[in-house]
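Subject: Handover of a protein structure

Dear colleague,

Please find the structure below, together with its sequence.

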Amino acid sequence: MYISSICSRHFAPYSSSAFAFASPTSGIGSFLSGGLAIVGTHWGINFNDATANARDAAVIIAGLTFGLPAGIISGLIGGIERWIAVYWGAGTFTRIACSVSTLVAGVASGLARKYMFDDKRVYPVMSFTIGYVLETFHIAMVFYTNVNTPFEALKVVEACAIPMILANSLSVFFASLAMEFIKAKTKGINKKAGSRIAITMQKRFLSAIFVGLVASYLFMFTLQNVIATNQRDQLLDLALKEIENDILDESNENMLSIARLIKKDVGTLTVDEILLKYDITEINIVNDKGIIVESSVPEFINYDMSS
């Protein structure tokens, strides 16, 4: 009996009730967030041969909004699916980093809500900060899990770090902001009236998650267009410079070839005959002292080219 009471007292905090969902909305939210994490994996946006996505945002929102159980479940759903997604097209290079980071994001966000905010709502600025930290951890994991190929890892990080950190952080921020708006709208509703709109409220909470994710994809899509436009302009400028250099080189070489041919005719043909023969508009014949001795423009004769 004594042993039983000790077990109850010391292990009660770790019983299954400690991981129970706070409400039906939490259960729905955890699985919906897991589903959105899967969608995030396959609806990423390409940046320089790497794929940026908002998968982590879904599980972070679940943990911060619905608590630790929801964060764990959504993190497991998103992380496990990312692990096996290589069989239908997902990249293998960041397989470990992405899978582990997704699970860590769900667990860490749930722990943050439970122990940092005492299972109370997390305000938008703090939501953004937590999203920023967890996504930075995700990017760091790309290095830690690919230490044998640092240059390839650096290439992925350079392509994805900024869009993924900002997109996921902003997604969490906007979802939190939307929920703050919903809470403000429903503040002061009495319990009787509140019970009648419970289903509507649940839908609104879930809609807030969707708003955050849509915002992140709009951000990444806009950023991708800006980057693509800049890259296009840079490539166009580079191509034009190469064409200009090619034309200049060809032109110089062509002029030298004509000059060599004209040299053979100097003294045999007049200046006008040379212009007509080689279809050129101007010719200046210079002696070894740099003085123009013959020219198609009379004013240039006797001009010192060295001056």
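Does tyrosine 87 count as buried or exposed? At 64% relative accessibility, tyrosine 87 counts as exposed, since the cut-off for that class is over 50%. This value, like the others in this message, was computed from a predicted model.

Tyrosine 87 is found in the loop between α4 and α5. Together with Leu76, Ile80, Trp83, Ile84, Trp88, Ile96, Val100 and Leu103, Tyr87 forms a nonpolar patch on the surface, and the accessible area of these residues together is about 860 Å². Helices α4 (68-84) and α5 each supply at least two residues of the patch, and α4 gives the most, with 4 residues.

As to the overall architecture, the protein has 10 helices and 4 strands. Read from the N terminus, the order of the elements is α-α-β-β-α-α-α-α-α-α-α-α-β-β. The protein has 307 residues, of which 37% count as buried. Its accessible surface comes to about 18,500 Å², and 65% of that belongs to carbon and sulfur atoms. Among contacts with a separation of 6 or more, 63% are between residues 24 or more positions apart.

Apart from its neighbours within four places in sequence, valine 122 is in contact with Leu64, Phe117, Ser127, Ile130 and Ser176.

Just after α3, glycine 67 takes a positive phi of about 105 degrees. Phenylalanine 66 lies 37 residues from glycine 29 in sequence, yet the two are 7.0 Å apart in space, C-alpha to C-alpha. Glycine 29 belongs to helix α2 and is buried, with a relative accessible area of 0%.

Finally, the charged side chains. The count of salt bridges comes to 4, and three of them are described here.

- Aspartate 118 and lysine 120 meet through their side chains at 3.2 Å, N to O. Aspartate 118 is exposed, with a relative accessible area of 53%.
- Glutamate 180 and arginine 121 meet at 3.7 Å, N to O. This pair links distant parts of the chain, 59 residues apart: glutamate 180 is in helix α7 and arginine 121 in the loop between α5 and α6. Glutamate 180 is buried at 18%, whereas arginine 121 counts as partly exposed at 36%.
- Lysine 277 and aspartate 265 meet at 3.0 Å, N to O. Lysine 277 lies in helix α10 (residues 271-278) and aspartate 265 in helix α9 (residues 198-265), so the pair ties together parts that are 12 residues apart in sequence. Aspartate 265 counts as buried, at 11% relative accessibility.

With kind regards

Terms used:
Residues numbered from 1 in each chain as written. Predicted model: local features only at pLDDT ≥ 70, side-chain atom pairs only at ≥ 80, totals over all residues. Heavy atoms only, no water. Contact = heavy atoms within 4.5 Å. Patch = residues over 30% accessible without salt bridge, like charges linked within 9 Å, V, L, I, M, F, W, Y side chains within 5 Å. Areas by Shrake-Rupley, 256 points an atom, 1.4 Å probe, with all protein chains shown as cover. Buried < 20%, exposed > 50% of the residue type's maximum accessible area, 1.4 Å probe, protein only.
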